[in-house]
Amino acid sequence: MPSLFDWRFAADPYPAYAWLREHAPVHRTRVPSGVEAWLVTRYADARQALADPRLSKNPHHHGEQGAHGKGKVGIPGERSANLMTHLLNIDPPDHTRLRRLVSKAFTPRRVAAFAPRVRELADTLIDGFAARGAADLIHEYAFPLPIYAICDMLGVPQQDQEDFRSWAGMMIHQPGSPRGGVGRAVKRMRGYLAELIHRKRAELERRGEGADDLISGLIRASDHGEHLSENEAAAMAFILLFAGFETTVNLIGNGTYALLRHPGQRAVLQRAVADGDTGLLATAVEELLRYDGPVELATWRFATRELTLGGQRVREGDPVLVVLAAADRDPDKFDAPGTLDLTRSDNQHLGYGHGIHYCLGAPLARLEGRTALATLLHRLPDLRLAAEPEELRWRGGLIMRGLRTLPVEFTARA
C-alpha cells in the first residue's frame with residue numbers, strides 16, 4: 001500500500017492512484033484533517049458517485065458531528081462567516097432553485113462577452129515581466145489573471161481588487177501574501193461582499209437599473225417571483241470567486257508545466273495557435289484538464305443512507321471523496337491514459353465533475369485557460385523551465401492540485 005498525502009505523494013500522486021485503482025478502488029483512509037473517508041478512484045465508480053442522490057453535499061449528513069464547524073470538511077471559515085448557502089453545500093430542491101437563479105445571471109453570453117477582457121488581462125500581465133526574460137508564472141501570471149478576471153466580472157471596483165488578491169493569496173498560501181489563515185480571509189471577503197451587494201441593491205432600487213456585472217445580475221435574477229436573498233447572493237458570489245479562481249490558477253499552471261515537459265505536444269499547440277486553430281486549442285485544454293487537472297478530488301459528499309460503492313459497504317454518514325485525478329487516468333476508460341495527447345477527441349473527463357453539481361463556472365475557466373495558454377505561447381514562443389522538475393513544490397491540500405511556483409526563462413522582449 002503506497003503512502004498517501006505526504007510531500008512525495010503531492011509531487012506525483014499518479015502511481016499511488018494507479019495502485020488504488022487496481023487493488024483498492026474504493027478505499028477507506030484517514031485524510032490529513034483526521035477524518036476517515038472513502039476514496040473512489042475508478043472512472044465508472046467515480047461517475048456513479050458524482051451523480052448518486054444518496055451522496056449528499058450537505059455536511060450536516062456527516063456522521064462525525066461538528067467536523068464541519070472545526071474545518072475538517074468543507075471550506076474553513078464558511079460556517080462562521082455565514083456562507084453555507086452555496087451550491088457546493090446543498091442538495092435538491094434548494095440546489096435546484098439556487099442553480100436556476102444563478103444560471104440566469106451567469107449566462108454563456110456573459111462569459112463569451114468577457115473574452116476580450118481576459119485577453120487584455122493576459123497581455124497586461126505578460127507586459128509586466130516580458131522585458132526581464134524570466135518570471136514565476138504562478139505568482140505573476142496564473143494567480144493574478146483569474147483573480148482580476150472574476151473581480152471584473154463580479155463588479156468589484158478596481159480600487160478594491162488588490163484586497164481580493166491579498167485575501168486569495170491567504171486562502172492558497174501564495175508566496176508574498178500576508179500571513180493568516182483561510183478562515184480570516186473568508187470572513188474578510190464575506191464582509192466585503194455583503195457590503196458591495198447592499199450598495200448595488202440600493203443602486204438598483206434607486207435608479208431602477210444598475211451595472212451589467214455579475215453581482216447586479218445575481219440581485220436581479222428572478223424565477224416566478226423568487227429572488228436570491230442578500231445572504232444567498234453573498235454566498236454565491238463568494239463560491240464563484242473561491243472555486244473559480246484557484247481552479248483556473250491550477251489549470252494555467254499545471255497546463256503550462258505539462259506543455260513544457262512535453263515539447264512535441266507543445267509544438268503542436270504552438271502551431272495551432274499561430275494558425276488560429278481554435279478547435280485544437282479547445283481540445284488541448286480538455287486534455288490538459290484530464291492529464292493533470294486543477295481539481296484532484298471532488299468536494300465532500302456524505303452518505304444519507306447505507307449503499308454499496310465499488311463492492312464496498314458505505315455506511316450512513318460516511319464521507320466519500322471522488323478522486324477525479326485517478327478516474328481521469330483509468331485505462332478502462334482512456335487509451336494510454338498516462339500519455340499527454342492534445343489531439344485526443346473522445347475525452348469525457350471528470351475534471352469539472354458530473355451530474356447536477358457539474359461546475360457552473362466551467363465555461364469561464366475554459367475561456368481563461370484557452371486565452372492564457374494561447375497568449376503565453378504566442379508572446380513567449382521560446383518559453384522554458386528554469387528549474388529541474390524535482391525542485392518544484394506542489395501546494396498541500398486535499399481538493400486542489402497546483403504548483404507553488406513555476407520559474408521560467410525566455411528571450412527578453414521590450
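**Packing, rings and backbone in a predicted model**

Me: At 46% relative accessibility, what does A336 count as?
Reply: Residues are classed as buried (under 20% relative accessible area), exposed (over 50%) or partly exposed in between, with a 1.4 Å probe and protein chains only. A336 has 46% relative accessibility and therefore counts as partly exposed.

Me: At what pLDDT do side-chain atom pairs count in this predicted model?
Reply: Residues are numbered from 1 along each chain as its sequence is written, and side-chain values use heavy atoms, with hydrogens and water left out. The model is predicted: totals for chains, interfaces and linings use all residues, local features need pLDDT of at least 70, and side-chain atom pairs count only at pLDDT 80 or more.

Me: What is the phi of A336?
Reply: A336 lies in the loop between α15 (324–327) and α16; helices (H or I, at least four residues) and strands (E, at least two) are DSSP runs, numbered from the N terminus. Most residues other than glycine have a negative phi. A336 is a residue other than glycine with a positive phi, near 45°.

Me: At roughly what angle do the axes of α13 and α16 cross?
Reply: Axes are lines fitted to C-alpha atoms, for helices over the stretch in contact, and angles run from 0 to 180 degrees between N-to-C directions. The axes of α13 (residues 263–275) and α16 (residues 362–379) come within 10 Å, and their crossing angle is roughly 90°.

Me: Which residues of α16 does α13 meet?
Reply: The α13 side of this contact consists of R266, L269, Q270 and V273. The contact comprises four nonpolar, two polar and one charged residue, where Ala, Val, Leu, Ile, Met, Phe, Trp, Tyr, Cys and Pro count as nonpolar, Asp, Glu, Lys and Arg as charged, and the others, Gly among them, as polar. On the α16 side stand A374, L377 and H378.

Me: How is α14 oriented relative to α16?
Reply: Angles under 35 degrees count as roughly parallel, over 145 as roughly antiparallel, 65 to 115 as roughly perpendicular and the rest as oblique. Helix α14 (residues 278–292) packs on α16 at about 110°, with axes 10 Å apart. The orientation of α14 to α16 is therefore roughly perpendicular.

Me: What class of aromatic pair do F129 and Y141 form?
Reply: Rings of Phe, Tyr and Trp (its six-membered ring) pair if their centres lie within 6.5 Å; planes under 30 degrees apart count as stacked, over 60 as edge-to-face and the rest as tilted. Eleven aromatic pairs are counted by this rule. Since the centres of F129 and Y141 are 6.4 Å apart and the planes stand at 90°, the pair is edge-to-face.

Me: How many of the residues of α8 are buried?
Reply: Helix α8 (residues 144–154) is mostly covered. Its buried residues include I147, C151 and D152.

Me: Which peptide bond is cis?
Reply: Most peptide bonds are trans. P93 lies in the loop between β3 (55–56) and α4 (94–105). With omega near 5°, the cis bond is the one from P92 to P93.

Conventions. Contact = heavy atoms within 4.5 Å.
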